Amino acid sequence: MNVKQRFILVESDSRLRAQISFQLNAQGFAVEPYESVEELKQHWPSDGILLVGDQDDNLAELFAHMATDGEGLPLIAYAETPDLTRVVGMVVEGAVDYVSLPLDHGKVLQVLARTSVRIRSIAGVRLREAKARSRLARLTPRERDVLQGVADGLPNRLIGERLAISPRTVEIHRANMLGKLGATHTSEAIRIAVEATLTSQTMM
């Protein structure tokens with residue numbers, strides 16, 4: 001038995017919320033409607049695709065919530081007449097798609113096909129990020145400092161001056177850092193740091 005694709009609908013307009021829910025239900029999809037982002041946050045689902053009307057600060061609030069609490073779900077934004085600049089901005093922010101209303105069957109299937117590809121891509125990125133974070137967790141604070149210096153393009157002498165240690169000590173930390181990361185050269189160590197989305201603040 002096929003499991004229905006589940007949409008988590010966020011729409012403040014009761015008429016539009018009922019209309020979209022009816023359209024999707026009629027197409028064989030499961031829909032869980034919410035009136036607001038606040039209501040959704042109080043009953044956060046474990047799975048499904050967020051379908052969110054681009055109204056007020058809905059999208060920004062959801063992106064912030066998912067980034068802060070780590071409760072990520074794929075998000076599709078919609079509007080009756082989308083603005084191209086807005087569409088591009090929201091996709092850059094993290095929306096997997098942005099569609100116009102009405103949501104006829106053909107359009108929903110196209111969106112799901114695109115979303116499926118993007119979700120797999122995001123899953124691959126997150127897997128690499130998780131592996132990179134796991135490797136970085138093996139480093140001591142000083143080894144992380146040295147990695148930061150390497151990422152900044154500094155030679156051992158300048159890293160030593162920054163950390164008030166000798167170049168020889170930097171060399172030892174650098175070798176230990178590479179070994180713990182399973183990296184054969186510094187460019188690979190930097191790639192691991194980038195995949196872990198490590199910033200200067202988190203490395204210090």
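His173 sits in helix α8, which spans residues 167-181; helices here are DSSP runs of H or I with at least four residues, strands are E runs of at least two, and both are numbered from the N terminus. With a relative accessibility of 19%, His173 counts as buried, where buried means under 20% relative accessible area, exposed means over 50% and partly exposed covers what is in between (1.4 Å probe, protein chains only). Its contacts (heavy atoms within 4.5 Å) are with Arg142, Glu143, Val146 and Ile165, leaving out residues up to four places away in sequence. The model is a predicted one, so local features need pLDDT of at least 70 and side-chain atom pairs count only at pLDDT 80 or more, while totals for chains, interfaces and linings use all residues. Residues are numbered from 1 along each chain as its sequence is written, and side-chain values use heavy atoms, with hydrogens and water left out.

Val146 is buried, at a relative accessible area of 0%. Besides His173, Val146 touches Ile159, Leu163, Val170 and Arg174, again not counting residues up to four places away in sequence. Gly160 is 14 residues from Val146 in sequence, and the two C-alpha atoms are 8.6 Å apart. Helix α6 runs over residues 141-151, and its buried residues are Glu143, Asp145, Val146, Leu147, Gln148, Gly149 and Val150. Just after α6 comes Gly153, with a positive phi of about 80°.

Stepping back to the whole chain, there are 10 helices and 5 strands. Of its 204 residues, 39% count as buried. Among contacts with a separation of 6 or more, 57% join residues 24 or more positions apart.

Together with helix α1 (residues 14-26), β1 and β2 form a right-handed β-α-β unit, right-handed being the case where, with the strands pointing away from the viewer, the path from the first strand over the helix to the second runs clockwise.

As for the nonpolar cores (sets of buried Ala, Val, Leu, Ile, Met, Phe, Trp, Tyr and Cys residues joined through side-chain atoms within 4.5 Å), the largest has 20 residues, and Leu40, Leu50 and Leu75 touch the most other members. Elements giving two or more residues to this core are β1, α2 (37-42), β3 (49-53), α3 (58-69), β4 (75-79) and α4 (84-93). Helix α3 supplies the largest share, 4 residues. Apart from this core lies another, of 18 residues, including Phe29, Ile49, Leu51 and Tyr78. Leu50 itself touches Ile8, Leu40, Trp44, Met66, Leu73, Pro74, Leu75 and Ile76, with residues up to four places away in sequence not counted.

Not every leucine is tucked away: Leu84, found in helix α4, is exposed, with a relative accessible area of 65%. Leu84 and Tyr98 are 14 residues apart in sequence and 9.8 Å apart from C-alpha to C-alpha.
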